[in-house]
Amino acid sequence: MEQKPLPVSDLPSENWGRTLQFDFCDLEVIQNVSKILLTGLATASVDSTKGDLFKGPSSVVVDLRKEMIQFLMTTIIQTIKPCSIVESSLPQEADDNIPPVESLVNEFADLKKNMISRVSNWMLNENRESKIKAFMDEIETEGFWVFEDRETIASTLIRYLDFERKEFHCNEQFCSSEKLEEHKLNCCFRTVNCFNQGCNFQFSMLNKERHDLQCPFKLISCEQGCSQSIMRHEMHSHCDTVCPMKVVNCSFLQAGCSHTFTQCSAEEHYTDSLHPHLLSLLRIIYKQEGLIEDLKVRVQLLEKAQSLNEREEALDVRSLTLSIKEQDAKMKKLETNLSQLNLRNVQK
């Protein structure tokens, strides 16, 4: 009967997770599990040192890493049947009571909460989430748990949990190194680079088709039916701008042509519709000329009206001036008469 690989207490043991003669795992699943491990360790480190003036997450992370690995391996070996490792991948017939890796990691993190974390609102604090994310970056940059080592742990967890189903890993064994090397070249779990030029993504060979369906650098036929092959991430721009099959309005839309056509047939439309386009333009020109004549007449009327107003204003000024002069003459005449009357009275 095939035996499982033996667990190892902690890194950096070089043989941990490598006791099988040969083993490839689904790279995407490895990366997912690696992220779960990183998040769990950061969470446990932050929650276990909340409010402690003498300890920070970085002072406990190494010990917690060892504890978490030991907790996961012990729990998996003792209590979990081989099964899928992520909830979304659990088969319908799987036992719902079998926890996946994420549940186990969360369970370990809960066990490491200190009293302050348990009784305060810290667990609902947005500041907690930002601290956890920041410490996740610190774990990697400071080398507390590098990605390559997390991948090794993740691969071992996958082989334990997927031991019987072999859904996410290859567990073939060979009697000779030649057959082993031959299988490496053809194993569906081997890691390959994307075949599309410009894409640096890596994945297991069995996921090639799925990646191909969403790879942004994949050359695909134009969605609008032109003869060109376009990279998937450039398709939207191509269809909206230079695609010869893009549907456009006639340039003579304002002249009354409501036809729509593809950009590649524009020349044909303009050639076939030359006569009606010219007639439409002539009608517009005649209409505009009529409008121009009407405007000229209105301008002339306005100019005449303005001239009459100016004349009326001038006449009003002249009349007022004459009236003032007449009044001045009358006043002078009255003054003269008064002077003569006064002189006669004095002589008497």
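Analyst: Here it is. Let's start with Thr-75, which is found in helix H2, residues 57-79. Keep in mind that this is a predicted model.

User: Is Thr-75 buried or exposed?

Analyst: Thr-75 has a relative accessible area of 16%. Buried means under 20%, so Thr-75 counts as buried.

User: What lies 2.7 Å from a polar atom of its side chain?

Analyst: That is the backbone oxygen of Phe-71.

User: OK, zoom out. How many helices and strands does the protein chain have?

Analyst: The chain has eleven helices and eight strands. There are 348 residues in it, and buried residues make up 34% of them.

User: And what about the surface of the chain?

Analyst: The protein chain exposes about 23,300 Å², and 53% of that is supplied by carbon and sulfur atoms.

User: What share of the contacts comes from residues 24 or more positions apart?

Analyst: Counting contacts with a separation of 6 or more, such residues account for 54%.

User: Next topic, helix H3. Which of its residues are buried?

Analyst: H3 covers residues 101-111, and its buried residues are Val-101, Leu-104, Val-105, Phe-108 and Ala-109.

User: Where do those buried residues fall when H3 is seen down its axis?

Analyst: They fall within an arc of 140°, so they line one face of the helix.

User: How far is Asn-114 from Ala-44?

Analyst: In sequence, the two are 70 residues apart. In space, they are 9.6 Å apart, C-alpha to C-alpha.

User: Salt bridges now. How many does the structure hold?

Analyst: Seven. One of them is between Arg-210 and Glu-28, where the closest N and O atoms are 2.1 Å apart.

User: Where do Arg-210 and Glu-28 sit in the chain?

Analyst: Arg-210 is in helix H8, residues 208-212, and Glu-28 is in helix H1, residues 27-48.

User: How accessible are Arg-210 and Glu-28?

Analyst: Arg-210 is partly exposed at 43% relative accessibility. Glu-28 is also partly exposed, with a relative accessible area of 35%.

User: Which residue forms a salt bridge with Asp-110?

Analyst: Lys-113 does, with 3.0 Å between the closest N and O atoms. Asp-110 is at 38% relative accessibility, so it counts as partly exposed.

User: And what does Lys-218 pair with?

Analyst: Its side chain meets that of Asp-212 in a salt bridge, 3.0 Å from N to O. Lys-218 counts as partly exposed, at 24% relative accessibility.

User: Last topic. Which residues form the nonpolar patch on the surface?

Analyst: The patch is made of Leu-274, Leu-278, Leu-279, Leu-281, Leu-282, Ile-285 and Tyr-286. Together they have about 630 Å² of accessible area.

User: Where does Tyr-286 lie?

Analyst: In helix H11, which spans residues 274-347. Tyr-286 has a relative accessible area of 56%. Exposed means over 50%, so Tyr-286 is exposed.

Key
Residues numbered from 1 in each chain as written. Predicted model: local features only at pLDDT ≥ 70, side-chain atom pairs only at ≥ 80, totals over all residues. Heavy atoms only, no water. Buried < 20%, exposed > 50% of the residue type's maximum accessible area, 1.4 Å probe, protein only. Helix = DSSP H or I, 4+ residues; strand = E, 2+ residues; numbered from the N terminus. Arc of directions from axis to C-beta. Salt bridge = Lys/Arg side-chain N within 4 Å of Asp/Glu carboxyl O. Contact = heavy atoms within 4.5 Å. Areas by Shrake-Rupley, 256 points an atom, 1.4 Å probe, with all protein chains shown as cover. Polar contact = N/O pair within 3.5 Å; in protein donor to acceptor, adjacent residues only side chain to side chain. Patch = residues over 30% accessible without salt bridge, like charges linked within 9 Å, V, L, I, M, F, W, Y side chains within 5 Å.
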